[in-house]
Each structure stands twice: as structure tokens, then as C-alpha cells.
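Here is a short briefing for a first look. Keep the sequence and the 3D view open while you read.

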Amino acid sequence: VMSILLHGDAAFAGQGVVYETFHLSDLPSYTTNGTIHVVVNNQIGFTTDPRMARSSPYPTDVARVVNAPIFHVNADDPEAVMYVCSVAAEWRNTFNKDVVVDLVCYRRRGHNEMDEPMFTQPLMYKQIHKQVPVLKKYADKLIADGTVTLQEFEEEIAKYDRICEEAYTRSKDNKILHIKHWLDSPWPGFFNVDGEPKSMSCPPTGISEELLTHIGNVASSVPVEDFKIHSGQLKAL
């Protein structure tokens, strides 16, 4: 068994559980015998510039607390990524110590459906929009080298798309979700015989509908008059 953890760059630098996990890695009476930490480093948090979110040069600097080796690798180079991951696995297997792989990459679109990164990172995203996607970049290299043909590449893409489409189609056949199937030990008395949660009554919060309406109106309005708001933001109001 080998422990592998996948992190985001902002989470790796900012979440206390990461620091705590490192300190659980080599205790006398308890050890994970080393974990491979893979950090998907898109060089930005939700919308925050790194220099505004942490005080260290790299998001992975927290791993230095246990002197873990940290490999920074260009994620646009798949072969370099594979090489670094192989070295990381060999390190962990040889020394039973933590190791970090920092995939230096970028996020092509927003954090979620509502996030437009051009609002907060316009210069960065002007550059990102010019970037050739890594799949096309690597495919063009392999085709130019004669390692694969264009036909072989297109067949692999079609094969992958087919797998995703078939899985999506199968997912529609599942009409009933049994919660108990997803839990190792359901709380006694919490679910009924069909695996559905029993109805639970919640005490009133004590907040009036009028107050909730007021909060909602304020939260979804422009702060001041004569304030020029981005047209994309208007959709969220």
C-alpha cells in the first residue's frame, strides 16, 4: 500500500490539515511510511494572487517542515512529469519518507461555473488564452517525431470519448440511490429500512423573513450609485 494525496496549490499552503499530516508521517508509534503528495499548482487560488495568500515563494514550502524533497516540474511536459513521479515513487519506496511533486501548470477556465478569472487576473488569463493545450502540444510532438500517426491519435481520442459517453449513459439507468451502500457503518436508527434518512425536525432559527429578504437584497446589489460594474457580474446579481 502506498499513500498518495492530491492537493491544490492554495490548499497545500493554507490548509492546516496538510501541516498536521506531515507531522503524522514519522512518529515513533505511528507512521504512514511516507506519502507522495501531488500538488496541482495552477499558480492561483480561487481568485487570489499567490503573494496575497502566502508568505513563502512556493506553495510547497510547507513540506520543508519534514525535509521532504520537492520536485517542481513543468506540467506541460508529460514525459518530465512521468519521470519525476517515478523518482518520487522510488524515493518513497526506498526511504519511506514523504515526497512532493509540484505540477506547475495553469487553470484554463474559472474556479467554477460562476467564476470569470478575467475579473481578477486579466493579465494572467490573456496569456493563458494564448497557450496551446498540453494534449495538442504533446500530440503534435509525438506525430512530428513519428512516434504515433495522426490516425492513431484520433482513434485514442475517440476511444476515450466513447468510454466517457458510455459511462454517462449508464449513469442514467440508476434511478434509486441507496445511501446505506455508500456508508461503511450507518448510524443506528438514522436510516429507515429502505436506506433513506428518517425525517428530522429542525428548530426555528429565529430570523424573520423580512430580515432574510433585506440581507439578500443588500448582498445582491451594487454597493454605491454611479458604480460601473462588469457586465459579466450583472448575471450573478
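How many helices and how many strands does the chain have? It has eight helices and six strands. The model is a predicted one. The points below go from the whole chain to single residues.

**Overall layout**

- Along the sequence, the pattern reads β-α-α-β-β-β-β-α-β-α-α-α-α-α.
- The chain holds 237 residues, and 20% of them count as buried.
- Take the contacts between residues at least 6 apart in sequence: 64% of these join residues at least 24 apart.
- The accessible surface of the chain is about 17,700 Å². Carbon and sulfur atoms account for 58% of that surface.

**Nonpolar cores**

- The largest nonpolar core has nine residues: Ile-36, Val-38, Val-73, Val-81, Val-84, Ala-88, Val-99, Val-101 and Leu-103.
- Val-81 belongs to the largest core. Setting aside residues up to four places away in sequence, Val-81 touches Val-73, Asn-74, Ala-75 and Leu-103.

**Two residues in the loop between strands 4 and 5**

- Thr-60 sits in the loop between strand 4 and strand 5 (70-74).
- Is Thr-60 buried or exposed? Thr-60 counts as buried because its relative accessible area is 0%, and buried means under 20%.
- Beyond its neighbours within four places in sequence, Thr-60 is in contact with Phe-12, Val-39, Ile-70, His-72, Val-100 and Asp-102.
- Asn-42 has 13% relative accessibility, so it counts as buried.
- With neighbours within four places in sequence left aside, the contacts of Asn-42 are Asp-9, Cys-105, Tyr-106, Arg-107 and Met-124.

**Val-104 and Ala-75**

- Val-104 is part of strand 6. Its relative accessible area is 29%, so Val-104 is partly exposed.
- Which residues does Val-104 contact, leaving aside neighbours within four places in sequence? They are Asn-41, Gln-43, Val-73, Asn-74 and Ala-75.
- Val-104 and Asn-74 are 30 residues apart in sequence. In space, 5.2 Å separates them, C-alpha to C-alpha.
- Ala-75 is found in the loop between strand 5 and helix 3. With a relative accessible area of 21%, Ala-75 is partly exposed.
- Ala-75 is in contact with Val-81, Leu-103, Val-104, Cys-105 and Val-134, neighbours within four places in sequence aside. Among them, Val-81 and Leu-103 belong to the largest nonpolar core.
- Ala-75 and Tyr-106 are 31 residues apart along the chain. Their C-alpha atoms are separated by 8.7 Å.

**Backbone angles to check**

- Most residues other than glycine have a negative phi.
- Asn-33 has a positive phi of about 55° although it is not a glycine. Asn-33 lies in the loop between strand 3 (30-31) and strand 4.
- Asn-33 counts as partly exposed because its relative accessibility is 37%.
- Asn-96 is not a glycine, yet it has a positive phi of about 55°. Its place is the loop between helix 3 and strand 6.
- Asn-96 has 32% relative accessibility, so it counts as partly exposed.

**The largest pocket**

- Rolling a probe the size of a water molecule over the atoms shows where empty space is left.
- The largest pocket has a volume of about 150 Å³.
- Which residues line the largest pocket? The lining is made of Glu-113, Met-114, Asp-115, Glu-116, Phe-119, His-230, Gly-232, Gln-233, Lys-235 and Ala-236.
- By type, the lining residues divide into four charged, three polar and three nonpolar.

Key
Residues are numbered from 1 along each chain as its sequence is written. This is a predicted model: local features need pLDDT of at least 70, side-chain atom pairs count only at pLDDT 80 or more; totals for chains, interfaces and linings use all residues. Side-chain values use heavy atoms; hydrogens and water are left out. A nonpolar core is a set of buried Ala, Val, Leu, Ile, Met, Phe, Trp, Tyr and Cys residues joined through side-chain atoms within 4.5 Å. Buried means under 20% relative accessible area, exposed over 50%, partly exposed in between (1.4 Å probe, protein chains only). Contact means heavy atoms within 4.5 Å. Helices (H or I, at least four residues) and strands (E, at least two) are DSSP runs, numbered from the N terminus. On a 1 Å grid over the protein atoms alone, a cavity is a set of points where a 1.4 Å probe fits but cannot get out, and a pocket is an open set with protein on both sides within 12 Å along at least five of seven lines; lining residues have an atom within 4 Å of a point. Grid points are joined across faces, edges and corners, and a volume is the space filled by probe spheres set on the points. Ala, Val, Leu, Ile, Met, Phe, Trp, Tyr, Cys and Pro count as nonpolar, Asp, Glu, Lys and Arg as charged, and the others, Gly among them, as polar. Accessible areas come from the Shrake-Rupley method with a 1.4 Å probe; for residues, only the protein chains shown count as cover.
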